[in-house]
Amino acid sequence: MLPSRDTLVAYPDGTLVTSSRVLHVAPTSTGRVAVITEATSFHPIDAAWPDQPADAGVLRVRGEAHVIRDAVVAATDGERLHLGADIPVRRGTEGWSFLVAHLVDGGSDVAEGDEVTIEADAATRRALSAGHTACHLASLALNRALADRWSKPAREDALGSPDFDGVAIESSRIGPNGSVDRYRLNKSLRRAGFDTASLHDELDGVRRAVAAQLDRWIASGAVVHVERGGDGLADRRDWVCELPDRAARIPCGGTHLDSLAELAAVLPRLALLDDAGTPVLEMTCEARLRH
Ligand SMILES: [Zn+2]
């Protein structure tokens, strides 16, 4: 039977292992099997905003470990199961349930009603969490470093700076211990009052300002946590970082470190690229963990 409520998710608070019941098993077009459980600790990739990749790990049933090859956000209206990019509605749409689909090899012996244990790999999770925490922190540092380039009022970010990240972001990709964010420097951004013309010559100064801000924030050892409006996959969650001046809050479906004290450094690089005629600012971050 297709589930009639969202998958309960345990990963936002850092949980790696969950025992749960299998609600639905379905073959996929790629020859794998999608396993949907009542609850999971396994972070899935969300095709609607694929910033953080899926966890790595296994699903255990009857003493056998099945490698989870991928995990994707899925949805159902009770009629059929839609996986990843095939979901035809926005997250949270009424009458729909939003689910984590664990993809295991075809032929795996997993059936509806089975009690299973889902285990996310700790090292992979920590590396992705470091990348995601660094990514949010760097976006705030970039907004602050670019604040004086706006000639018109712009919407504000979580710390009150003009929200360059929110206005110009094209894509955000989290990897192990790092992230790559791409920003469109297009006509609408210029019309909104952002000075792109002199960025080329001043790029290294901007990078140094971002790096210095990141150093100060990391030195504060600020506590990080994910606040949630509910336990379901589609419930609102916020990344909250208790920075010295004020707490920063950013809507976020991913996983994070518990504190900036876990980071030794976040090293940003900036580059100006050309994407089919549109100038793009690319920020790459490397997060170094303390050991
Ligand atoms: Zn996030």
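**Zinc site, sheets and salt bridges in a predicted model**

His136 and Cys252 are both buried, where buried means under 20% relative accessible area, exposed means over 50% and partly exposed lies in between, with a 1.4 Å probe and protein chains only. The structure is a predicted model, in which local features need pLDDT of at least 70 and side-chain atom pairs count only at pLDDT 80 or more, while totals for chains, interfaces and linings use all residues. Residues are numbered from 1 along each chain as its sequence is written, and side-chain values use heavy atoms, with hydrogens and water left out.

The zinc ion has the protein donors His132 (NE2), His136 (NE2) and Cys252 (SG), at 2.1 to 2.3 Å from the ion. Donors here are N, O and S atoms within 2.8 Å of the metal (3.2 Å for Na, K and Ca); water is not among the atoms, so sites may look incomplete. Along the sequence, the donor residues follow the spacing H-x3-H-x115-C. His136 in helix α1 (residues 122–145) and Cys252 in the loop between β15 (247–251) and β16 (263–275) are 116 residues apart, and the pair links distant parts of the chain. Helices (H or I, at least four residues) and strands (E, at least two) are DSSP runs, numbered from the N terminus.

β14 and β15 are joined by five bridges in the antiparallel sense, two strands being paired if DSSP finds at least two bridges between them. The two strands make a hairpin with four residues between them, and Glu242 stands opposite Ala247 in β15. On β14 (residues 237–242), five of the six residues are buried, leaving the strand mostly covered. Strand β13 (residues 224–228) also runs antiparallel to β14, again with five bridges; here Val224 is placed opposite Cys241 in β14.

A further group of strands builds an open sheet. Four strands are arranged in the order β11-β12-β17-β16, with antiparallel pairing. At the edges are β11 (169–175) and β16, each of which pairs on one side only. On average, neighbouring strands of this sheet are turned by 15 degrees against each other, direction ignored. Within the sheet, β12 (residues 178–184) and β17 (residues 278–289) pair in the antiparallel sense through seven bridges, with Ser179 opposite Cys285 in β17. Helix α1 packs on this sheet and touches β11, β12, β16 and β17, its direction making about 130 degrees with that of β17. Contact means heavy atoms within 4.5 Å, and axes are lines fitted to C-alpha atoms, for helices over the stretch in contact, with angles from 0 to 180 degrees between N-to-C directions. Helix α4 (residues 199–220) lies across β16 and β17 and runs at about 160 degrees to β16.

Several of these elements meet again in the nonpolar interior. A nonpolar core is a set of buried Ala, Val, Leu, Ile, Met, Phe, Trp, Tyr and Cys residues joined through side-chain atoms within 4.5 Å. The largest such core has 43 residues, of which Leu137, Leu142, Phe164, Trp239, Leu243, Leu260 and Leu281 touch the most other members. At least two residues of this core come from each of α1, α2 (164–168), α4, β14, β15, β16 and β17. Leu243 touches Leu137, Leu159, Trp217, Ala222, Ala248 and Leu260, leaving aside residues up to four places away in sequence. A second, separate core holds 14 residues, among them Phe42, Val61, Ala71 and Val116.

Charged pairs complete the picture. With a salt bridge defined as a side-chain nitrogen of Lys or Arg within 4 Å of a carboxyl oxygen of Asp or Glu, the count comes to 20 salt bridges. One of them joins Glu202 to Arg149, with closest N and O atoms 2.8 Å apart. Glu202 belongs to helix α4 and Arg149 to the loop between α1 and α2, so this pair ties together parts that are 53 residues apart in sequence. Glu202 is partly exposed at 39% relative accessible area, whereas Arg149, at 7%, is buried. Asp238 and Arg249 form another salt bridge, their closest N and O atoms lying 3.1 Å apart. Because Asp238 is in strand β14 and Arg249 in strand β15, the pair ties together parts 11 residues apart in sequence. These two residues also join Glu227 and Arg236 in a network of salt bridges.
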